[in-house]
Amino acid sequence: MSRNTVSRRSLLGAAGAASAVSLFAGPWQHNRVWAQGAAKPLRIGITADASGMYANSGASDKRGMAMAIAEANERGGVLGRKVEFVHIDTETTAATGSRVAERMISREQCGFLVGAVHSGVANAISQVAQKYGIVYINTNSSSPTEAGQNCHRVKFVFDGNGTNFAKAAVKSAIERFGPDWMLLTNDYVWGHDTAAATKALLKEYGGKVMEEVMIPQGTRDFTSALLKVQQRKPGVVSAAIGGDDQKAMRQQVAQLKMGDKPAWINSQQDWDDVYGLPIETLFGVFGTTWYYRLDLPGVADFVKRYQTMYPETAMRSPGNVFYNGYMAIRELLGAVERAGTTNNIAVIKALEGHRISARDRMQHFDATIDAETHQVQQTIYLATANKAPKEKDDIFEVLSQAKAEDVRDTDSARLCKLEAYDKTPTFDA
Amino acid sequence: MIDLLPHIINGLTLGLLFALIALGFTLIVGVMEVINLAHGSLFAIGAYFALTVIAGSWFAGTPFGAWWLSLPLGLRYVLALAIGPALAGLAGMLLELCLRPTYGKPPLYGLLLTFGAALVIEELIRLIWGTGEQNLALPQAINGAFLLNGMIFSTYRFFAAGFSIAAIIAVWLFLERTSAGAVIKAGAHDSEMVRALGYDLARLRLVVFGFGAALAGLAGVVMVPIWGLRPHVGVDIVIPAFLIIVIGGVGSFWGAVIAALLVGLAIGITGAYAAAWSTMSMYLLLIAILGFRSRGLLGRKSALEH
């Protein structure tokens with residue numbers, strides 16, 4: 001036999017090697033097998049904004065996730081694997097979110113994606129994630145569409161949405177301040193959806209919309225809108241204005257001393273948007289999912305852990321954005337543990353319908369990850385400015401807490417059509 | 001039908017604030033022929049230094065810090081109005097020194113350098129002052145609100161508009177009535193001739209850039225009590241400022257002022273009737289004006305038009 005002849009053994013070896021390589025190639029064929037060696041870390045892609053309208057909230061979101069990852073690693077990792085993260089700035093821009101998601105999946109080899117504040121960005125990321133079957137957790141964007149018409153099998157939504165907050169606030173506000181409402185609506189998906197939810201509830205409870213003023217994203221001067229509010233004289237102004245726009249609006253309402261009259265209902269007030277501002281800018285009633293001074297087990301310890309981990313951070317007390325980022329990672333890793341595998345479909349099933357005790361959530365009532373919409377149904381708090389703070393950061397006064405079932409977004413449940421499991425690419429992270 | 005007058009007043013005050021922002025920008029473009037994309041960052045630097053002066057945060061916990069905070073807020077605010085722009089001016093001079101290697105090269109070099117500088121300055125702001133929202137405290141005399149014809153208006157907004165008028169007149173007097181102003185204007189018209197007459201062109205450019213940056217810083221101190229203060233606040237002003245100098249005619253002082261008033265009015269009036277179009281209105285104004293007059297309202301004719 002010539003030395004150049006291919007032996008049967010080497011042919012079989014080559015075929016075996018080729019088969020092994022083909023299993024890893026793809027990168028995103030159905031049923032892809034990724035290396036599951038115990039030494040291979042579990043990589044999470046953090047898709048948090050570091051610039052643009054939600055840069056500040058994005059930083060808090062990321063800090064929350066990083067703390068949950070650090071704590072998981074202190075406990076020995078997940079399924080014996082260390083947890084790592086990669087962060088790329090999504091720039092509060094949907095197109096960038098899409099690009100970042102593609103890169104994290106195909107080049108950074110992230111097995112899970114977590115993070116978002118802007119609904120457009122979250123939607124863009126989730127479309128990419130669904131294409132590859134990557135489990136994605138939208139931590140902080142609260143447009144009802146995220147768990148409604150834009151829901152996906154791979155996406156889970158951890159924040160309360162505009163409908164939840166509107167349900168908690170609208171009925172009692174009509175009774176107290178009258179039926180004449182004016183809406184200030186940020187002219188993008190979250191604003192539209194939140195306003196739509198408010199309008200539906202106004203119709204249901206006998207309120208009426210005198211006028212809706214659309215506020216373009218990036219507006220810094222609200223004087224025109226505030227002059228219109230004065231001219232129309234509504235009983236209530238419901239503002240669905242987010243991020244930097246909201247900060248500018250708050251400042252200008254405070255300057256005009258219009259915070260007390262008319263009554264203001266702000267869908268959700270992210271902690272990061274008001275932290276450090278004078279208390280007079282925190283007017284009206286607003287929603288939140290968590291407050292650092294809730295008198296509940298685990299809260300004080302959680303705050304202490306935050307302060308220990310981030311001693312240099314100017315924000316000395318964590319807020320709802322940090323909390324959502326932390327909870328998202330903790331529940332994701334918990335689902336991997338429960339599933340006993342990183343197979344995406346198994347992880348999705350472990351998350352769907354999962355009930356989280358009030359104690360674990362550090363909220364007043366138990367929460368559930370809705371199996372139909374993938375949104376976390378949770379306690380919704382209404383709060384206002386705290387006129388008698390116990391310490392410098394104690395700027396919220398929690399007025400009420402609503403049970404998840406009382407504020408459930410039923411419209412989303414009707415609109416959400418999750419992809420079938422067999423239509424979702426499968427793989428092991 | 002809503003009453004239009006309050007919206008016209010609002011548009012005019014907004015226009016005056018825009019004019020203050022655009023003044024430094026037009027000066028730099030006119031003399032240096034550099035589109036300074038870091039103009040917004042210099043605006044932010046002025047505001048952040050003003051914040052430090054007013055809040056005394058760098059000296060917190062020290063005897064000097066305690067003494068500083070014991071000074072009346074009004075005095076600290078006046079000092080901030082001087083120190084913030086002065087330090088922004090120094091930062092502008094530093095930027096001009098970095099720009100020197102790009103002179104004589106295609107405009108893209110200067111554009112990219114100032115864009116890079118804007119990113120660096122924003123990150124420096126994050127490192128020094130933090131990422132969160134900040135608040136510039138105002139003296140009681142110019143804070144609050146007043147009633148005019150049954151409508152509530154912000155006192156500070158009118159103070160800021162009045163301040164802008166004063167600043168516009170001061171800059172105009174400086175350019176028209178002083179020898180230094182004459183040299184700057186000549187530099188904008190024909191820099192080579194200025195050099196031939198024995199003036200140090202490099203120094204002129206340094207001074208003009210510093211002056212333009214100081215005006216950006218001044219606009220920052222005046223504007224942030226209305227717009228709020230955050231590291232990327234400067235990004236919000238670059239586009240309106242650029243738009244205004246193009247509408248007004250590149251390098252034209254009064255062109256910039258008139259354009260700023262028109263942009264303010266467009267935003268104010270659209271805000272009353274079709275708020276969703278208020279941001280778009282300034283772009284439509286740009287298209288409308290450049291469609292009829294490509295060099296802007298008061299821009300010089302190009303050689304091709306002679």
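Visitor: Where in chain B does B:Asn149 lie?

Guide: Helices (H or I, at least four residues) and strands (E, at least two) are DSSP runs, numbered from the N terminus. B:Asn149 sits in the loop between strand E1 (145-148) and strand E2 (151-154) of chain B. This is a predicted model: local features need pLDDT of at least 70, side-chain atom pairs count only at pLDDT 80 or more, and totals for chains, interfaces and linings use all residues. Residues are numbered from 1 along each chain as its sequence is written, while chains are lettered from A and ligands numbered from 1 in the order in which they are written.

Visitor: Is B:Asn149 buried or exposed?

Guide: Count the other C-beta atoms, placed from the backbone, within 10 Å of a residue's own: 20 or more means buried, 12 or fewer exposed, and in between partly exposed. B:Asn149 has 9, so it is exposed. Its phi is positive, about 55°, although it is not a glycine.

Visitor: And why does A:His374 count as buried?

Guide: Because A:His374 has 27 C-beta neighbours inside 10 Å. A:His374 also has a positive phi, about 70°, without being a glycine, and belongs to the loop between strands E12 (367-369) and E13 (376-377) of chain A.

Visitor: How many residues does each chain bring to the contact?

Guide: Two residues are in contact if their C-beta atoms, placed from the backbone, lie within 7 Å. Chain A brings 36 residues and chain B brings 31. On the side of chain B that touches chain A, the largest share, four residues, comes from H1(B).
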